[in-house]
Every structure is written in structure tokens, then in C-alpha cells.
Amino acid sequence: IAAIISFNMSKIYSIDMVLRPGLLNIGAEGKNVYIDSPQNIKALIDSGTFNNDILNYLNEIKMDKVPKRLKFKVTIPKQSDTIKVQYETADIKQGVVIQDRLNKLLLETYNKLVQYFKNESDMKLSLLKSETDYIKTAIKFYKRNVKNIEKRIDELTPEIELIKNNTGNLIKERDKLLSKNPKENNILLALLYSNTIQQNLQLSNQYQDEINNYKGKKENELQKIGESENEIAKKLNEMKNLQFKKDNIQNIQILQPPTNKPFPIKPKTKLNIILALVAGLFLMLFLSFFLEYLGKFKKSK
């Protein structure tokens with residue numbers, strides 16, 4: 001009887017699919033950070049979040065013998081970030097369609113989250129670009145200041161040289177005048193020479209101080225340029241890393257698409273027959289002992 005029942009039962013096949021949460025980024029310790037945890041994805045499927053959508057889809061495509069309800073078996077292997085989704089059905093084609101539909105609904109659901117993280121990255125990239133453009137503008141301003149400073153230094157340097165030459169000539173004229181005849185007129189004229197020489201020296205020192213001041217300003221501007229260029233390099237590196245992270249944000253990954261095992265998982269005909277034989281053996285033993293007991297009981301009367 002067990003054999004007849006087993007051979008006449010509908011064959012049930014297992015349609016399996018293996019998923020992995022979408023990658024968000026890689027943590028500091030090299031650990032993967034996902035857009036959602038395997039446990040949350042398992043809870044979504046277990047709670048029947050997508051069941052109505054799947055059943056409606058089966059009716060839309062006019063699938064035969066649409067089930068009244070769906071039951072997925074979702075497991076997370078130990079020490080793993082993968083999710084195994086199993087669906088048992090007598091209709092292999094329908095089972096594959098159901099798993100494919102579940103896969104599509106999961107991708108659509110998490111695509112919104114993927115877009116959110118990508119948009120967030122775009123905002124950060126846009127902000128970094130604006131900051132970089134601002135720094136580049138500041139560098140142009142600093143370089144223009146350096147150019148103006150250098151121009152002014154180039155103007156003052158020959159002026160100092162001219163004053164030095166003029167002062168040297170005045171000193172020679174004064175000394176020559178005093179060496180000829182130290183008369184009162186010559187002394188007064190020499191005094192005028194001395195005053196002019198003194199003014200030239202003051203002007204030369206003033207120009208030199210101005211050049212030194214400009215050189216200090218130039219060094220300051222060059223330092224600002226260097227710091228700004230380093231800041232730009234830092235921000236460009238941040239943008240590169242952020243773009244890399246954005247490009248690697250993933251939706252749910254299908255490690256194994258819906259596939260059916262070649263042999264049915266139910267009924268387990270061999271096991272049923274073996275269990276039936278064992279049960280029959282024990283039943284026959286029980287009956288034999290019981291019948292023997294009845295025979296002895298009748299003889300005793």
C-alpha cells in the first residue's frame with residue numbers, strides 16, 4: 001500500500017536560488033558593508049512582502065493552477081553572507097517563474113536604496129568639486145599677487161641701483177670740492193651735497209625695506225599657493241575614492257539563478273517503502289505474538 005501511494009503521489013521539486021546583499025562599500029578593516037543585512041532580506045521574504053505581487057503576476061500571465069499562497073524556505077548558511085531561497089512545487093516551470101519574479105521584485109525594491117546612496121555620493125562629489133573650484137580661484141588670486149609683487153620688486157631694484165650710483169657720484173664730487181679749497185662757499189656746497197647724499201641713502205633704505213616687505217609677502221603668497229595645491233590634491237583624492245565607491249555600489253547579486261534539482265525531493269518513495277516494510281514487520285510480529293497469546297488462552301480454558 002505504501003509503495004502504491006508513494007508512486008501515485010505528485011512529485012515535488014525544489015527550485016533554488018542563491019542571493020547576496022548588494023555591496024555598499026568596503027570598511028576600514030577590509031570587511032564588506034552591504035546596503036542591507038542578509039537577516040533583513042530573509043525577513044522580507046519570510047513575511048510574505050512580495051507574495052501578493054507574485055500571485056497577481058501569475059494570474060496576469062494566465063499561469064495554470066496558480067497556488068492560493070506561497071511559502072518560501074529562506075536560510076542563511078553559517079559564517080556566510082549569502083541567502084538561499086528554496087521553493088517547492090510540482091510544476092517546475094511555474095516554480096522558476098515564481099523565483100524569477102521574486103528576484104525581480106527584490107531588485108526593484110533595493111534599486112531605490114542603491115539610487116539613494118548614489119545620489120548621496122553625487123551630492124558629496126558636487127560639494128567637493130565646488131570647494132576645489134573655489135580653491136583654484138583663490139590660487140589664481142595668489143599667483144596674480146605674486147606677479148604684481150615681482151613686478152614691483154623689478155621696478156624698485158634698478159631704482160636702488162640708480163640711487164647708489166648717484167650717491168657715489170655725489171660723494172666723489174663733495175670730496176673733490178673739499179680737497180681743492182676749503183672756503184666757506186665750498187663748505188656750504190659740500191653741506192648741500194651731504195644732505196642730498198643723506199636723502200639718497202634714506203630713500204635707498206626705504207626702497208630696500210619695501211623690497212624686503214614685498215619678498216615677505218611673496219613668500220606668504222607662495223606658501224598659500226602650496227597649501228592650496230595640497231588641499232586640491234587631497235580633495236581630488238577624496239573625489240576619486242568617492243567615485244570609486246559610487247561605481248561599486250551594487251544591487252542584490254544573484255549568485256545562483258533559479259534552478260531545479262533533476263530529481264524530486266518528495267515523495268521519498270524508497271524511504272516510504274523501507275519505513276512501511278519495517279512497520280509491517282513489527283506489526284506482523286505483534287500479530288503473531290497476539291495470536292499465539294489467544295491460542296494459549298483458549299487452551300487454558
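Are Phe-72 and Tyr-87 buried or exposed?

**View 1. Phe-72 and Tyr-87 form an aromatic pair.** Both residues are buried (under 20% relative accessible area, with exposed meaning over 50%, partly exposed in between, using a 1.4 Å probe and protein chains only). This is a predicted model, in which local features need pLDDT of at least 70, side-chain atom pairs count only at pLDDT 80 or more, and totals for chains, interfaces and linings use all residues. Residues are numbered from 1 along each chain as its sequence is written, and side-chain values use heavy atoms, leaving out hydrogens and water. Rings of Phe, Tyr and Trp (its six-membered ring) pair if their centres lie within 6.5 Å; planes under 30 degrees apart are stacked, over 60 edge-to-face and the rest tilted. That rule gives three aromatic pairs. Here the centres are 5.4 Å apart and the planes at 45 degrees, so the pair is tilted. Phe-72 sits in strand β4 (residues 72–75) and Tyr-87 in strand β5 (residues 83–89), so the pair ties together parts 15 residues apart in sequence. Strands (E, at least two residues) and helices (H or I, at least four) are DSSP runs, numbered from the N terminus.

**View 2. Asp-16 lies in strand β1 (residues 13–20).** With 6% relative accessibility, Asp-16 counts as buried. Have a look at its contacts (heavy atoms within 4.5 Å): beyond neighbours within four places in sequence, they include Lys-84, Gln-99 and Pro-257.

**View 3. Lys-65 and Gln-79 are loop residues.** Lys-65, between α3 (51–60) and β4, has a positive phi near 50 degrees. For Gln-79, between β4 and β5, phi is about 55 degrees, although this residue is not a glycine. Lys-65 counts as exposed at 80% relative accessibility, and Gln-79 counts as exposed at 86%.
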